[in-house]
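Please read them with the structure open.

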Amino acid sequence: MAFIAGIFIPQKPAMAFLSGFVAVFLLWIVLSYWISVANEHVLAHKMSMIILKMDNVAILILATGLIGGLVAGFAALAGSCLQKNK
């Protein structure tokens, strides 16, 4: 969706990246926190021990948001650059 938004909403490339990044970053953080609270952080504790080698749910949620935000930011950037060449 960020790619499509980058194509159809005219923005400068830096602003397209930032808007795509922030939108999905916040969305993933809220959704992953909401899901984690629903099961009392049981899965998040186990995954943080596997991935981070420490028991820190907050860093795991931030890492999830960062990865999703980067993917969406680069997708919006690509869409903006494609739209610019039309």
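**Notes on the predicted model**

1. Start with F21. This residue is buried, with a relative accessible area of 17%. The cut-off for buried is under 20%, so F21 falls on the buried side at 17%. Keep in mind throughout that the model is predicted.

2. F21 has an aromatic partner. F21 and F25 form a stacked pair, 5.5 Å from centre to centre, with 10 degrees between the planes. Both residues lie in helix α2. They are four residues apart, about one turn of the helix.

3. How many aromatic pairs does a search of the whole structure find? The count is three. F17 and F74 form one that is tilted. Their ring centres are 5.1 Å apart, and the planes are at 55 degrees. This pair links distant parts of the chain, with F17 in helix α2 and F74 in helix α4, 57 residues apart.

4. F17 is partly exposed, at a relative accessible area of 22%. F74 is exposed, at 51%. The line for exposed is drawn at over 50%, so F74 passes it with 51%. Taken as a whole, ring pairs link F17, F21, F25 and F74 into a cluster.

5. L18 also belongs to helix α2. Its relative accessibility is 44%, so L18 counts as partly exposed. L18 and L70 are 52 residues apart in sequence, yet their C-alpha atoms are 9.4 Å apart in space.

6. Helix α4 covers residues 57-84, and A58 is found in it. A58 is partly exposed, with a relative accessible area of 46%. A58 and I29 are 29 residues apart in sequence. From C-alpha to C-alpha, the distance between A58 and I29 is 9.6 Å.

7. S80 is in helix α4 too. Is S80 buried or exposed? S80 is buried, with a relative accessible area of 1%. Which residues is S80 in contact with, leaving aside its neighbours within four places in sequence? They are G6, I7, Q11, K12, P13 and A16.

8. Next, the nonpolar surface. M1, F3, I4, F8, I9 and L82 form a nonpolar patch there. Together these residues have about 670 Å² of accessible area. Helix α1, residues 2-8, gives the most to the patch, with three residues. I9 lies in the loop between α1 and α2. I9 is partly exposed, at a relative accessible area of 44%.

9. Check the backbone at E40 and H41. E40 has a positive phi of about 55 degrees, although it is not a glycine. H41 has a positive phi as well, near 60 degrees, and is also a residue other than glycine. Why remark on this? Most residues other than glycine have a negative phi.

10. Where do E40 and H41 sit? E40 is in the loop between α2 and α3, the latter being residues 42-51. H41 lies in the loop between α2 and α3 as well. E40 is exposed, with a relative accessible area of 65%. H41 is partly exposed, with 22%.

11. Now the overall fold. The chain has four helices and zero strands. From the N terminus, the elements run α-α-α-α. The radius of gyration is 16 Å, well over the 12 Å that the globule rule gives for 86 residues, so the chain is more spread out than a compact globule. Along its principal axes, the C-alpha trace spans about 50 × 25 × 15 Å.

12. Last, the totals. Of the 86 residues of the chain, 26% count as buried. The accessible surface of the chain comes to about 5,900 Å². Carbon and sulfur atoms hold 79% of that surface. Among contacts with a separation of 6 or more, residues 24 or more positions apart account for 75%.

Notes:
Residues are numbered from 1 along each chain as its sequence is written. This is a predicted model: local features need pLDDT of at least 70, side-chain atom pairs count only at pLDDT 80 or more; totals for chains, interfaces and linings use all residues. Side-chain values use heavy atoms; hydrogens and water are left out. Helices (H or I, at least four residues) and strands (E, at least two) are DSSP runs, numbered from the N terminus. Buried means under 20% relative accessible area, exposed over 50%, partly exposed in between (1.4 Å probe, protein chains only). Contact means heavy atoms within 4.5 Å. Patches are made of residues with over 30% relative accessible area and no salt bridge: like charges are joined within 9 Å, nonpolar side chains (Val, Leu, Ile, Met, Phe, Trp, Tyr) within 5 Å. Accessible areas come from the Shrake-Rupley method with a 1.4 Å probe; for residues, only the protein chains shown count as cover. A salt bridge is a side-chain nitrogen of Lys or Arg within 4 Å of a carboxyl oxygen of Asp or Glu. The radius of gyration is taken over C-alpha atoms; the globule rule is 2.2 Å times the number of residues to the power 0.38. Rings of Phe, Tyr and Trp (its six-membered ring) pair if their centres lie within 6.5 Å; planes under 30 degrees apart count as stacked, over 60 as edge-to-face and the rest as tilted.
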